[in-house]
Amino acid sequence: MSATRAEICVAACADLFAGDGEILASPMGLIPQLGARLARLTREPDLLLSDGEAYLQDPDGKIEGWLPYRKVFDVVANGKRHVVMGANQIDRYGNQNISAIGDHAQPTRQLLGVRGAPGNTANHKTSYWVPRHSKRVFVDAVDVVSGVGYNNAKGPFHNVHRVVSNLGVFDFGGPDRCMRVVYIHPDVGIQDVYEQTGFELHSDEPEITREPDERELELIRTVLDPGGRRDREVKA
């Protein structure tokens, strides 16, 4: 069974949680949510999934526990969480912007605000999902720092882990913790990635992103997303 680009992205998001064990997964957006649920059903059975309000759930939505909003802050402060956020802008050091486009004093576009991004990046593992990789998102410098990157923070709990986009997977293993290409998705050329990025990417001969295996494809197609919403978010 050949996987679509969207299904490859789901598997890549599942792999973000590899080795995490019993921590709270907080995936934001459809593809990260599918990825976290896929990880729970396959390689990370101890992963904790939340409904985003007050309950812990299994991948089928069955209630497993109670985690009221006030208790989430205890989890955040203790570092037992891995959040996957979106990014309107992200730069070479992993600084993320979800607040505003343009001068902060008079932005051309108001977005969500910094929300919990500074606390997330200061306290626990943080990854990002970008469904449309472009120079508008991967910028030389973000207009507002929401999530804090490696040139602005240091410490034992600061961990900007990876970025998954519709073109590839990236970490911050380059010189001075700059962004590095780890994988490019099947049928994507490395030049395509370079041309859609607004800064110079470090590259150590990236591999091809793995495709989901037969069991994972079956779970994605028949259990997690039988309606095919994933293909409306990510198009090849």
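Q: Which way do the residues of strand E12 (residues 168-171) point, and are they buried or exposed?
A: Strands (E, at least two residues) are DSSP runs numbered from the N terminus, as are helices (H or I, at least four). Buried means under 20% relative accessible area, exposed over 50%, and partly exposed in between, with a 1.4 Å probe and protein chains only. Here, Gly168 and Phe170 point one way from E12, Val169 and Asp171 point the other way, and all are buried. Keep in mind that this is a predicted model, where local features need pLDDT of at least 70. Residues are numbered from 1 along each chain as its sequence is written.

Q: How many bridges join E12 to strand E13 (residues 180-184)?
A: Two strands pair if DSSP finds at least two bridges between them. E12 and E13 have four and run antiparallel. Look at Val169: its bridge partner in E13 is Tyr183.

Q: And what do E11 and E12 form?
A: A hairpin, with two residues between the strands. E11 covers residues 160-165, and two bridges join it to E12, antiparallel again. Val164 stands opposite Val169 in E12.

Technical notes:
This is a predicted model: local features need pLDDT of at least 70, side-chain atom pairs count only at pLDDT 80 or more; totals for chains, interfaces and linings use all residues. Side-chain values use heavy atoms; hydrogens and water are left out.
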